[in-house]
2 protein chains.
Amino acid sequence: MAKFQLNILGCGSATPARHLPTSQIIDFRDKLFMIDCGEGAQLAMRRMRLKFSRLNHIFLSHLHGDHCFGLPGLLSTLALHQKEGIVTIHTFKEGAEIFGKILDFFCRDTSFEIKFNIIDENSGIIYEDDALTVETFPLYHRVPCVGFIFREKPKLRHLRGDMVKFYNVPIKELHNLKCGADFITPDGKVVANERLTTAADPAMSYAYCSDTIFDTRVAKAVKGVDVIYHEATYTDEYAAKARDRGHATASEAARIAQMAGASRLILGHYSKRYLDEKTHLEEAGAIFPNVTAANEGMKIDIL
Amino acid sequence: MAKFQLNILGCGSATPARHLPTSQIIDFRDKLFMIDCGEGAQLAMRRMRLKFSRLNHIFLSHLHGDHCFGLPGLLSTLALHQKEGIVTIHTFKEGAEIFGKILDFFCRDTSFEIKFNIIDENSGIIYEDDALTVETFPLYHRVPCVGFIFREKPKLRHLRGDMVKFYNVPIKELHNLKCGADFITPDGKVVANERLTTAADPAMSYAYCSDTIFDTRVAKAVKGVDVIYHEATYTDEYAAKARDRGHATASEAARIAQMAGASRLILGHYSKRYLDEKTHLEEAGAIFPNVTAANEGMKIDIL
């Protein structure tokens, strides 16, 4: 199966301590996509053996330091590694301005081009290639903030080798079969596609929801997504504090996953007050059973 | 003995890998002084149990990212810890400008005041309290760069309890004795200070030399300093590359320590090409025996 894997570089909140600040990498086939870039992200990438040369897109959800202070160091390191091509940073206008100034000063003469793609709080596709789209949707935090949905495009059907051979299908027809076309034999007979192929693997999707309060509009935005990461800064005990600070609890994350009909929920962005994530898992698990507490170094297949 | 201790937070060069980028803390009695602030410095401080509340001065040697990209994250964390008082950042004019902009954007409403003390490439005292001075001196790198010398002020002589008692010295006279004054008894007899006190502990000094090429002017500037940290990005094999990149080798660091008459040399700022510091130590040790290769987490008493 083609690779679609979430890598947790950091899953803590504001102050790095037991956890690093937030950063993730989606490893999608031959490309890496970074979501948020907290301090230490470059080192975490290296530890997880994710190659700098494969990284060309960085998505910043919002402009709080724990989600972006690793950016200047990462880009400096890419330059030292003689990276080539274009690195696109998807961020709000203010992010492009402030990081633009920093990079102008510290990262002159990089071996690669740095581009900013200005995003806003509206929903919309901000990246597309032949196999994947990335779209934004609004989150509800203390400052403008968006989540990201990574959607695999529909995949090709699998050829049935025995049948393809039996009907002597020429090589130039194979791609059409994978796309669902029937095969017409030289003597005009129609062979139904279902006889020659089996169903494509399902196209999977991943949604990143951090930072945000609990809001049913988030559930609506990520409806039908397979795997959801939702911030769970606090446990039930601090539900009021969560709302006050623009954050969510583990239970609230679970309710979003449940409402959205997800198959799996990943929790993260834990407050440093917690020594482990047992309570987060208990509270979320009571509402939505297939829940995982993110941890640095974790690799999760999106399937 | 009063505390004067060097803490190594990071001792790597440009790209964090086996070592973190450069940062050190001088733990001097009740105060912490940070020298350079590479990415990850705040986390390293926490790991070494150096309290944020004791840190009020940060000295930046030059404006390369591996020496200052940890600053925004550190200051954000200080704010989250409700730190009070003033934090002074000693840096070049351009550093104050660029970090001023970053902090204006990301660290509004801090609980403490951030001040910039603008330094330049000349030598001079930039910090002084009743027990310590910090002075700059020029280094020779690709961009403007200074080193820092931490000098303890002369200490007080030690009272000889038995003699103080024998001569019935009144309490109000004790400080004068510690400063070297003789004691005059009520009947006019002069008791020489040497009978009442023993010599003060020596006032120690520490010099930080990074980043720089090998230059005899550096040895002159740190002449007489007890403990010298000197960058040793490379070993002899890469001496030409060192000069070309504005850096020094371990042997060159040793020659500086030797010329300056230091008692101890600390090496650091290793290129990531090295898997360990064996060769650095061998090459430097052949010239200057009392040499230590810095490593993260190391605490070195300046004595």
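1. Before any counting: helices here are DSSP runs of H or I with at least four residues, and strands are E runs of at least two, numbered from the N terminus. On that basis chain A has ten helices and 18 strands. Keep in mind while reading that this is a predicted model.

2. On overall dimensions, the C-alpha trace of chain A spans about 70 × 55 × 35 Å along its principal axes. Chain A has 303 residues, and 46% of them count as buried. As for contacts in chain A between residues at least 6 apart in sequence, 63% join residues at least 24 apart.

3. How is chain A divided into domains? Domain 1 takes in 4-155 + 201-301, while domain 2 covers 158-198. So you'll find domain 2 written between the two segments of domain 1. Taken over C-alpha atoms, the centres of domain 1 of chain A and domain 2 of chain A are 42 Å apart.

4. Over in chain B, have a look at the open sheet of seven strands, ordered β7-β8-β9-β14-β15-β16-β17, with mixed pairing. Which strands stand at its edges? They are β7 (124-128) and β17 (291-293) of chain B; each has a single partner strand, so one side of each is left without a neighbour in the sheet. Direction ignored, neighbouring strands of this sheet are turned by 20° against each other on average.

5. Strands β15 (residues 227-231) and β16 (residues 264-268) of chain B run parallel and are joined by five bridges. If you want a place to start looking, B:Ile228 stands opposite B:Leu265 in β16(B).

6. Two helices to check against the sheet. Helix α9 (residues 250-260) of chain B packs on it, touching β14 (205-209), β15, β16 and β17 of chain B, and its direction makes about 150° with that of β15(B). Helix α10 (residues 278-285) of chain B also packs on the sheet, where it touches β16 and β17 of chain B. The direction of α10 makes about 165° with that of β17(B).

Technical notes
Residues numbered from 1 in each chain as written. Chains lettered and ligands numbered in written order. Predicted model: local features only at pLDDT ≥ 70, side-chain atom pairs only at ≥ 80, totals over all residues. Buried ≥ 20, exposed ≤ 12 C-beta atoms within 10 Å, placed from the backbone. Contact = placed C-beta atoms within 7 Å. Pairing = 2+ DSSP bridges. Axes fitted to C-alpha atoms, helices over the stretch in contact; angles between N-to-C directions.
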